[in-house]
Amino acid sequence: MPTFQSNKFRGSGDASRFGMRYRALMNKHPFLTFGLPFMAVVIAGSFVLTPATAIRYERHDRKVRQMTKEEELGVRRSARKVDMKEEYYRLAGRDLDDWEQKRVERLPGESDGILR
């Protein structure tokens with residue numbers, strides 16, 4: 001007998017515990033004791049979560065739904081009139097009423113960007 005045993009000592013009182021019996025069964029039948037219960041939990045979870053997922057998709061569908069022609073026409077009639085130039089200048093954030101066009105001085109020999 002070797003000096004140090006490779007297996008941990010387990011007393012006779014531990015042999016009657018549920019964990020010890022389950023471990024012994026798992027060594028003999030790994031699929032029946034672990035694989036099958038695991039797959040059953042995954043399948044049961046999918047059945048439990050299916051209604052929650054359906055509710056989530058229904059909420060999303062209510063937010064993003066197709067408008068009827070009457071609703072579409074109603075939206076267009078009540079829409080605010082927008083001048084695109086006015087919006088552009090407003091969003092630019094500058095007062096562009098009093099600007100001056102200036103010609104940029106070029107270095108000697110540099111082209112002015114006009115092709116002839």
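Reader: Hi! What share of the 116 residues counts as buried here?
Author: Of the protein's 116 residues, 3% count as buried, where buried means under 20% relative accessible area, exposed over 50% and partly exposed in between, with a 1.4 Å probe and protein chains only. Keep in mind that this is a predicted model, in which local features need pLDDT of at least 70, side-chain atom pairs count only at pLDDT 80 or more, and totals for chains, interfaces and linings use all residues. Residues are numbered from 1 along each chain as its sequence is written, and side-chain values use heavy atoms, leaving out hydrogens and water.

Reader: Thanks! How many helices and strands are there?
Author: The protein has four helices and zero strands; helices (H or I, at least four residues) and strands (E, at least two) are DSSP runs, numbered from the N terminus.

Reader: And at what angle do H1 and H2 cross?
Author: Helix H1 (residues 18-28) and helix H2 (residues 30-63) cross at roughly 100°, and their axes come within 5 Å. Those axes are lines fitted to C-alpha atoms, for helices over the stretch in contact, with angles from 0 to 180 degrees between N-to-C directions. That makes H1 roughly perpendicular to H2 (65 to 115 degrees; under 35 is roughly parallel, over 145 roughly antiparallel, the rest oblique).

Reader: Which residues make the contact?
Author: From H1 they are Tyr22, Leu25, Met26, Asn27 and Lys28, and from H2 Pro30, Thr33 and Phe34, with contact meaning heavy atoms within 4.5 Å.

Reader: Switching topic: how many aromatic pairs turn up in the whole structure?
Author: Two. Rings of Phe, Tyr and Trp (its six-membered ring) pair if their centres lie within 6.5 Å; planes under 30 degrees apart are stacked, over 60 edge-to-face, the rest tilted. Phe18 and Tyr22 are a stacked pair, 6.3 Å centre to centre with 20° between the planes. They sit four residues apart in helix H1, so about one helical turn separates them.

Reader: Is Phe18 buried or exposed?
Author: Phe18 is exposed, because its relative accessibility is 62%, while Tyr22, at 33%, counts as partly exposed.

Reader: What about Phe34 and Phe38?
Author: Their ring centres are 5.9 Å apart and their planes at 15°, so that pair is stacked. Phe34 is partly exposed, at 47% relative accessibility.

Reader: Last one: where does UniProt place the "transmembrane region"?
Author: The unreviewed entry puts it at residues 31-55. Over residues 31-55 the chain is 100% helix, with the end C-alpha atoms 35 Å apart.

How values were computed: UniProt positions are given in the numbering used here, feature names are shortened, and annotations may be inferred rather than shown by experiment.
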